[in-house]
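Please look over the sequence and the structure before reading on.

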Amino acid sequence: MASQRKIIHIDMDAFYASVEQRDDPRLRGRPVAVGSPRERGVVAAASYEARAFGVRSAMPSVTALRRCPDLLFVPPRFDVYRDVSRRIRAIFLDYTPLVEPLSLDEAYLDVTENRKKIASATHIAEEIRARIREETRLTASAGVSYNKFLAKLASDQNKPDGLFVITPDRGAEFVAALPIGKFHGVGPATAKKMNALGIETGLDLRAKPLPFLQRHFGKSGGYFYGIARGVDERPVRPDRIRKSIGAEVTFAHDLFALEEAIAALSPIVARVAAHCEGARIEGRTVTLKVKYADFQQITRRSTGAAPIASRAALEACALALLRPLFPSDKGVRLLGVTLSSLAPAGGSEDPQMSLAV
C-alpha cells in the first residue's frame, strides 16, 4: 500500500550556483548566474540571491542582467558538478538501494526498509542533509511523505536548506489547499486547461469525477484523480528509464544568424546532458525542434548505431541537424533538443557527460 511507504525527495539548493559560491568566496552572498553574459547567452542556473531579482534558469542573459544589473556570470564547470553529484549519490546508497535519480541534483529514496534499520524517515532525511553539508559543504532540502508526489511537493516547502513532512493523515488536506499550478506533473499548458475547466486548486480537482478527467486529459486523468486525493502508487525505481529527455528555450529576440543559434543551442544541449548523467542513461536518437517567428514548427531527427555517451557527441549531432537550416530568412524564436531511444549507460569509451541548469 502507498500509505505504508516512506519516501524522501532530496533536492539540492541552487546546486550549480551553490557549488560556484562554495569554491569562490568572492561569490558568496552575491547574485550569481552560471552561464554566459553574451547577448545570446542563457542562464543555466541562478543563486538564491539572483532569484530574488527574478532571475531564473533558461532565461536569456540580457533579460537576467536587466533584472539584476549586478549579476555575476561564471562559466559552468561540468566535471566538478558531476563529481559532487556522485558523492551525494554515495550518501543516499548508504541508506537504501532504492534511489531514483531525476537529475544530478535531485532524487527519490524509498527508505521503508533501509540499510541502517532506522524507523523514522524524517530522521533519515535529517541525517542525509547533515552528511551532505559536512561532506560537500552544500545544502539540500528534503521532503518526506508516504508517496513520491507528496514527497516532491514537500521538498519545495521550506527551501533552501529545509525539511518538510507530509504525514498520511495530512496528505489529502495538503493537496486540497494547493494551487493547481504547484502540482508536480501539471505544466503551464495543463494548468491553463484546468483553469478553463474551473479547476484552480486541489480541492477543485478532487471534485471532478474520474470520467470527466479521463475525457479531458486522457490517460493522465487517472493520475490526476489519484493525486487530488493524496494517492500516488508509483514505486521508487532505481532502474527507471524515460522514453525521452528534452529541453527547449524560447528566446527574447529572434535568432537570424547561424552563430547566434549555435551559441543558444549549447546550454540546451548541456541541460539534456545533465539529466542523462543524473539518470545514468544514454540515447541513440537526437531530435532538433525549431519554431520560427511566424510560429511554423519543424523537427529534424538523427539516429545513430551507437548510443551518444557524451555532451560533446550530443552537441555535434544537434549542430549537424541545425546547420542545414541556415541561412534562413525567418527568425528562430525557439530551439529544443530531445534525446530518445534511451537505455542504461555503460560500455561507452567516452563516459563524460557535461551538464547545465
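The model is predicted, so local features need pLDDT of at least 70 and side-chain atom pairs count only at pLDDT 80 or more, while totals for chains, interfaces and linings use all residues. Residues are numbered from 1 along each chain as its sequence is written, and side-chain values use heavy atoms, with hydrogens and water left out.

Helices (H or I, at least four residues) and strands (E, at least two) are DSSP runs numbered from the N terminus. Two strands pair if DSSP finds at least two bridges between them. An open sheet of mixed pairing is formed by three strands in the order β3-β2-β4. Because β3 (43–46) and β4 (72–74) each have a single partner strand, they stand at the edges, and one side of each is left without a neighbour in the sheet. On average, neighbouring strands of this sheet are turned by 35° against each other, direction ignored. Val32 has Leu72 of β4 as its bridge partner.

Helix α1 (residues 15–23) lies across β2, β3 and β4 and runs at about 110° to β2. Axes are lines fitted to C-alpha atoms, for helices over the stretch in contact, and angles run from 0 to 180 degrees between N-to-C directions. Helix α4 (residues 78–93) packs against α1 at an angle of about 100°, with the axes 10 Å apart. The two helices, α1 and α4, are therefore roughly perpendicular to each other (a term for angles of 65 to 115 degrees). Contact means heavy atoms within 4.5 Å; residues in this one include Phe15 and Tyr16 of α1 and Val80 and Tyr81 of α4.

| Strand pair | Sense | Bridges |
|---|---|---|
| β2 (residues 32–35) and β4 | parallel | three bridges |
| β9 and β12 (residues 332–344) | antiparallel | eight bridges |
| β10 (residues 281–292) and β12 | antiparallel | 11 bridges |

In β12, Gly336 is the bridge partner of Glu248, and Leu334 stands opposite Lys291.

The largest pocket has a volume of about 1800 Å³. A pocket is, on a 1 Å grid over the protein atoms alone, an open set of points where a 1.4 Å probe fits, with protein on both sides within 12 Å along at least five of seven lines; lining residues have an atom within 4 Å of a point. Grid points are joined across faces, edges and corners, and a volume is the space filled by probe spheres set on the points. The largest pocket is lined by 46 residues, and Glu106, Lys152, His184, Arg271 and His275 lie nearest its centre. Strand β9 (residues 244–255) gives the largest share of this lining, five residues.

Technical notes
Parallel < 35°, antiparallel > 145°, perpendicular 65-115°, else oblique.
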